[in-house]
Amino acid sequence: MANATYDRKEQFQQIQSGLLDGEQIIAVYDAIGTGTGFIGLTDRRVIIQDRSFVGKRYAITSIPYSKITSVSVVSNKSWGGSFFSTGAIAIHVGTHTYEVEFRGAQKSHHVHNVILHYIS
């Protein structure tokens, strides 16, 4: 966990407090936009803070890598530029899609590659 990457210490600590025995944090990134507060990646699952519940409530959702069917790079432009010119990804779990937008394309690139590594 000493080499885990994170944006905000309080988000890292929130993920850390819910780890299973032997589970290691890979990264915790702050999300921008509405709905998602942050995303955490461990060696076992993806953890998303979902702020889209009514009444200012939010949920911490754990998604085992085995339940993720695909991960997408989300862009509002054509693919003329770099594959990771955007800072957003979509994680597909059954019929549900979690979209997470980041400050900076390098974070979306890292999240995409970690998820792809664990689901392939």
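Modeller: A residue is called buried under 20% relative accessible area, exposed over 50% and partly exposed in between, with a 1.4 Å probe and protein chains only. By that rule Tyr29 is buried, at 6% relative accessibility, and Phe102 is buried at 3%. This is a predicted model, in which local features need pLDDT of at least 70 and side-chain atom pairs count only at pLDDT 80 or more, while totals for chains, interfaces and linings use all residues. Residues are numbered from 1 along each chain as its sequence is written, and side-chain values use heavy atoms, with hydrogens and water left out.

Colleague: How is an aromatic pair described, in general terms?

Modeller: A pair of aromatic rings is described by the distance of the centres and the angle of the planes. Rings of Phe, Tyr and Trp (its six-membered ring) pair if their centres lie within 6.5 Å; planes under 30 degrees apart count as stacked, over 60 as edge-to-face and the rest as tilted. The count by this rule is 3 aromatic pairs. One of them joins Tyr29 and Phe102 edge-to-face, with 6.1 Å centre to centre and 80° between the planes. Tyr29 belongs to strand S2 and Phe102 to the loop between S8 and H2, so the pair links distant parts of the chain, 73 residues apart. Helices (H or I, at least four residues) and strands (E, at least two) are DSSP runs, numbered from the N terminus.

Colleague: How many salt bridges does a search of the whole structure find?

Modeller: A salt bridge is a side-chain nitrogen of Lys or Arg within 4 Å of a carboxyl oxygen of Asp or Glu. The search finds 5. In one of these, the closest N and O atoms of Lys107 and Asp7 are 2.8 Å apart. Lys107 lies in helix H2 (residues 105–119) and Asp7 in the loop between strand S1 (5–6) and helix H1 (9–16), so this bridge ties together parts that are 100 residues apart in sequence. Lys107 is buried at 15% relative accessibility, whereas Asp7, at 31%, is partly exposed.

Colleague: Which residue forms a salt bridge with Arg45?

Modeller: The partner is Glu23, at 2.7 Å from N to O. Arg45 is in strand S4 (residues 45–50) and Glu23 in the loop between H1 and strand S2 (25–30), a link between distant parts of the chain, 22 residues apart. Arg45 is buried at 12% relative accessibility, and Glu23 is buried at 2%. A further bridge joins Asp30 and Arg103 at 2.9 Å, N to O. Asp30 lies in strand S2 and Arg103 in the loop between strand S8 (96–101) and H2, so the two tie together parts 73 residues apart in sequence. Asp30 and Arg103 also belong to a network of salt bridges with Arg8 and Glu10.

Colleague: Which residues have the most contacts inside the largest nonpolar core?

Modeller: A nonpolar core is a set of buried Ala, Val, Leu, Ile, Met, Phe, Trp, Tyr and Cys residues joined through side-chain atoms within 4.5 Å. The largest has 20 residues, and those with the most contacts inside it are Ile39, Val46, Ile91 and Ile115. At least two residues each come from S2, strand S3 (36–42), S4, strand S7 (88–93), S8 and H2. With contact taken as heavy atoms within 4.5 Å, and neighbours within four places in sequence left aside, the partners of Val46 include Ile39, Leu41, Ile63, Ile91 and Ile115. A second, separate core of 8 residues includes Ala4, Leu19, Ile25 and Ile47.
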